[in-house]
Amino acid sequence: MSQYDVVVIGGGNAALCAAIEAAEAGADVIILESAPQHMRGGNSRHTRNFRCMHQGPLSVLTDTYDEAEYYDDLLRVTKGQTDPELARLAIRESETCLPWMERHGVIFQGSLSGTLSLDRTNAFFLGGGKALVNAYYACAEDLGVTIRYDSEVRHIDLSEGRFSAAVLTDGTRIEGRAVVLASGGFQADLDWLTRAWGPEAANFLIRGTPYNRGVVLRDVLDQGAVSVGDPTQCHCVAIDGRAPKFDGGIVTRLDCVPYALVVNRDAARFYDEGEDVWPKRYAIWGRLVAAQPDQIAYAITDQKAQGLFMPPVFAPVKADTIEGLAQLLGLPGDALRQTVAEYNSACRDGSFTPGVLDGLATDGLDPPKTNWARPLDTPPYYGYMLRPGVTFTYLGLKVTERAQVQGAHGLLPNVWAAGEIMAGSILGQGYLAGFGMTIGTVFGRIAGQEAAAHVG
Amino acid sequence: MLDNTLSDEAARQFQICNSCRYCEGYCDVFPQLFSLPEMSAAQATHLANLCHNCRGCYYACQYAPPHEFDLNLPAVLAELRQDTWERHARPQALARVFHTHGVAVAAVLIVGFALLFFAMAALRPEAGEGFYAYLSHNAMVLIFAPAFVLPLLGLAVSLRSYWREIGGGWVTWADLKRMGGSVARMKNLSGGAGQGCNFEQGARYSNARRHAHQATLWGFLMCFAATSVATLMHYGLGWEAPYPFWSPPKLLGVPGGILLCLGTGALAWLKLRAEKGLGAARVWGGEMAFVLLLFTVSATGLALYAATGTGAVPALLAIHLGAVLAFFVLTPYTKMVHGFYRMAALMKRNT
């Protein structure tokens, strides 16, 4: 049995920010990370950038990105499903976080090739999220934080309305005077996902860590903590169908849809592939594919589309004829030929411009393809399999502006939360690139400062 | 023959890197990789020789083992580099032996000692000053000129064959300048932002290896310059050794020797601490022996200078010259080739 000032549950960005802040304030801190050392860092290990407000150039960020514009961007993706106070706090604090991150070992780089649209709003981590996580672990170690890997917490002891200890799966009690809950969402618990979403969820792929099973979230909710966010929903995007079940990360994305024709298992089209540019549409395609039989879809392109999108990690299926491609993909050949023929005859002449809405739309096709509609007529043909990939879940804990957790009978006096476990307050719907890291950093730091002040 | 399994494995890993791109800022390998429309075996070879084994990409990799994608780019590129050096060497068998087996390097070193002791006993000059009292200048030239020139010729043949394989074209002044700047600062061990690489401290960055390598490189070049200057002074100015401390050969050679000694010592020490599995593990012994050989060359040179005027000079002279001889003869067959291949890779334009 051991006693610490601050017990931090989780080992990703938010947990590390909290641990570093608390340790710098003089607290005796332990991090309980459920993953083994090599897989530490939760979903943060898959991230790549930090969305940051700034008045004028800051570090690698160009120009200005002010609070109003940032907040507008958030409102657009969440359709207003956000807590304005918490959201504005996260946005405002992001500006002071960036230099803090640099001081604690994070190195930024200019936006990566193929992401030029983000060079004003998002600061990229040199080496990506795992390099950030490595820097924070090194920093925490230097500050004397105790780090326990392979330490899944199954229960938070909140008897008498106060945190007293975290109980590990092997029964070990880690006692502390304050706790920061930063153990992520529940997207890696497929049973929970299936109960929440429906049986289709069994066919979903999980893009991030297999260690976000929501055990702590469930345990705290069962003890009366107040929840926020839609318990049935997850952020779900269309990704490569051959991706691993867990942890496929960034490389499983598939950017070909706007330049492709997309069919379901029965070789039928089901949505406008050219509705908008891919960064604005990849998220809805997760749901679209989830609604198809067997939760699967196939994007088909011809030779003309090669080179228009980021190279996928898995080589596409390739054939000289549409029938040949159908056979390789396991699709009904006649039906696919007919779908392609109908689409081709609905394509009209016009100029094709990748990357911008070019208005090259089909004529008399249902559903239409409203941009980039060129006939599939130049072999070889390529086939890409799509499946829904879950990034994170929305259900979380309700917290105050000081990241304190709301219990059944008021605020829990020594319990704070940060990161995905409370992000549902701010991101009620949709996603804004790099904002998860902003929420984690801002509220992780606040939680760590508050917890340290409480025990100090 | 190119090792197809290796270049296939490199291509598999490159495909994943190309879809991720998080490591773009670490070194020259990634921007070049991402600009390629298609990966060929020759391009994989070129990128492998461009890689300085800083290991930044491994520790930052979300797909490193135990992830099922099993990415270990530093290791596969090290293996591929090794394959390049052994494949282009003539004869290949010698390269395989000395790259892999540190014991073989040690054996050549001992033969070098023996040869020099024998030469000094058999060719003892009637008269001479300084070192020439033990081995005449002509005898030294007779031994070292071919031992220096022939291996370099062999290396030139290998480099030409490599340059053709990777499709290197005419070299321009700009290419030389870019290469020179990169080597002089060891830019590819800077980690992209000056934080250094991940060598002896796992996931933590450090500049120790970069600095140790710089000391080795500059120390080596100063020692080489000292010998070159002395040769010019001997033949051009008729100013023969021994030279006083305040003379160009000594002013270059003494600090150069100290730098080389410290640099190689540090490199060996760092190598003991680094993860073996992120390099070409099968040649670890050969690499270590090469570093220690360079250390021996510099340490015995300094010892010889320190022993000036004592009775230890003849023995130390034989040992030092024996080490130099072994180093020269082994140049095309040891880690020494990495510098030449690396410079070639850095000179190749990214078209």
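Reply: Two strands pair if DSSP finds at least two bridges between them. Strands (E, at least two residues) and helices (H or I, at least four) are DSSP runs, numbered from the N terminus. The model is a predicted one, in which local features need pLDDT of at least 70 and side-chain atom pairs count only at pLDDT 80 or more, while totals for chains, interfaces and linings use all residues. Residues are numbered from 1 along each chain as its sequence is written, and chains are lettered from A and ligands numbered from 1 in the order in which they are written.

Me: Why are E4(A) and E5(A) called paired?

Reply: E4(A) and strand E5 (residues 122–125) of chain A are joined in the antiparallel sense over two bridges, and at least two are required, so the term applies. Within this pairing, A:Gln109 stands opposite A:Phe124 in E5(A).

Me: What makes strand E3 and strand E4 of chain A edge strands?

Reply: The open sheet has three strands in the order E3-E5-E4 (chain A), with antiparallel pairing. Strand E3 (49–51) and strand E4 (108–109) of chain A each pair on one side only, and the name follows from that.

Me: How do you know where the domains of chain A lie?

Reply: The bounds come from an automatic or database domain assignment. For chain A, this gives domain 1 (2–227 + 394–455) and domain 2 (238–389). Their centres, taken over C-alpha atoms, are 35 Å apart.

Me: What makes residues of domain 1 and domain 2 of chain A count as in contact?

Reply: The C-beta atoms of the two residues, placed from the backbone, must lie within 7 Å. By that criterion, 15 residues of domain 1 of chain A touch 17 residues of domain 2 of chain A. The domain 1 side divides into six nonpolar, six polar and three charged residues; Ala, Val, Leu, Ile, Met, Phe, Trp, Tyr, Cys and Pro count as nonpolar, Asp, Glu, Lys and Arg as charged, and the others, Gly among them, as polar.

Me: Which elements of chain B make up the side that touches chain A?

Reply: In the contact between the chains, 25 residues of chain B meet 25 residues of chain A. Helix H1 (4–20) and helix H4 (56–59) of chain B each give two or more residues to the chain B side. H1(B) supplies the largest share, five residues. By class, this side holds 12 nonpolar, nine polar and four charged residues.
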